[in-house]
Amino acid sequence: MPAEELERLAENRNVLAALVEAALGALYLEHGFEVIRPAVLAAFAERIEYTLTTYVDYKTELQEELARRNLGVSYTVLEVDGPPHDRTFTCAAVIDGKEAGVGHGPSKKAAEQNAAREALAGLAAE
């Protein structure tokens, strides 16, 4: 492999993320989480703090929770109101064929985020 290609790969964030994930996975399998936990927490402390104190992506949270339950989610636009310059969207988060949350917002993305938030609240109440 040419040196240029290696250098490009060494600077690629996706490649680096995959390498870190593989290394952590190997350490976990070899030693167990409790052994590697202090090092993982120390290495990712800044990102963990950011996640705990900043914007929450409800769609990602919902998807991750559903993955743990072997379920998936899809989003459906239920309604679009208002003139083109001032629309309001209503979307539903659909889990296992059932409407699990409904959200409203000035964009489809915002409405989906709100629907995911409502669906997460419903899952937490179960």
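At what angle do helix H2 and helix H3 pack, and how far apart are their axes? In this predicted model, helix H2 (residues 13–31) packs against helix H3 (residues 33–43) at an angle of about 145°. Their axes are 8 Å apart. On the H2 side, the residues in contact are Leu24, Leu27, Tyr28 and His31. On the H3 side, they are Phe33, Val35, Ile36 and Val40. Sorted by class, this contact of H2 with H3 holds seven nonpolar residues, one polar residue and no charged residues.

**The sheet**

Three strands make up an open sheet, in the order S1-S2-S3, with antiparallel pairing. Strand S1 (73–81) and strand S3 (98–105) are at the edges, and each has a single partner strand, so one side of each has no neighbour in the sheet. Direction ignored, neighbouring strands of this sheet are turned by 25° against each other on average.

Strand S2 covers residues 88–95. Seven of the eight residues of S2 are buried, so this strand is largely enclosed by the rest of the structure.

| Pair | Sense | Bridges | A residue pair |
|---|---|---|---|
| S2 and S3 | antiparallel | seven bridges | Cys91 with Gly103 |

Both pairings are also hairpins. The hairpin of S1 and S2 has six residues between the strands, and Gly82 in the turn has a positive phi of about 95°. The hairpin of S2 and S3 has two residues between the strands, and there Asp96 takes a positive phi near 55°.

Which strands does helix H5 touch? Helix H5 (residues 58–68) packs on the sheet and touches S1 and S2. The direction of H5 makes about 145° with that of S1. Helix H6 (residues 108–125) also packs on the sheet, where it touches S1, S2 and S3. The direction of H6 makes about 135° with that of S3.

**Charges and rings**

Two charged side chains sit over aromatic rings. Lys59 lies over the face of Tyr75, at 4.8 Å from the ring centre. The charged end of Arg117 sits over the ring of Tyr58, 5.9 Å from its centre. How many aromatic pairs does a search of the whole structure find? The search finds zero aromatic pairs.

Notes
Residues numbered from 1 in each chain as written. Predicted model: local features only at pLDDT ≥ 70, side-chain atom pairs only at ≥ 80, totals over all residues. Heavy atoms only, no water. Axes fitted to C-alpha atoms, helices over the stretch in contact; angles between N-to-C directions. Helix = DSSP H or I, 4+ residues; strand = E, 2+ residues; numbered from the N terminus. Contact = heavy atoms within 4.5 Å. Nonpolar A, V, L, I, M, F, W, Y, C, P; charged D, E, K, R; others polar. Pairing = 2+ DSSP bridges. Phe/Tyr/Trp six-rings, centres within 6.5 Å; stacked < 30°, edge-to-face > 60°. Lys NZ or Arg CZ within 6 Å of the ring centre and 35° of its normal. Buried < 20%, exposed > 50% of the residue type's maximum accessible area, 1.4 Å probe, protein only.
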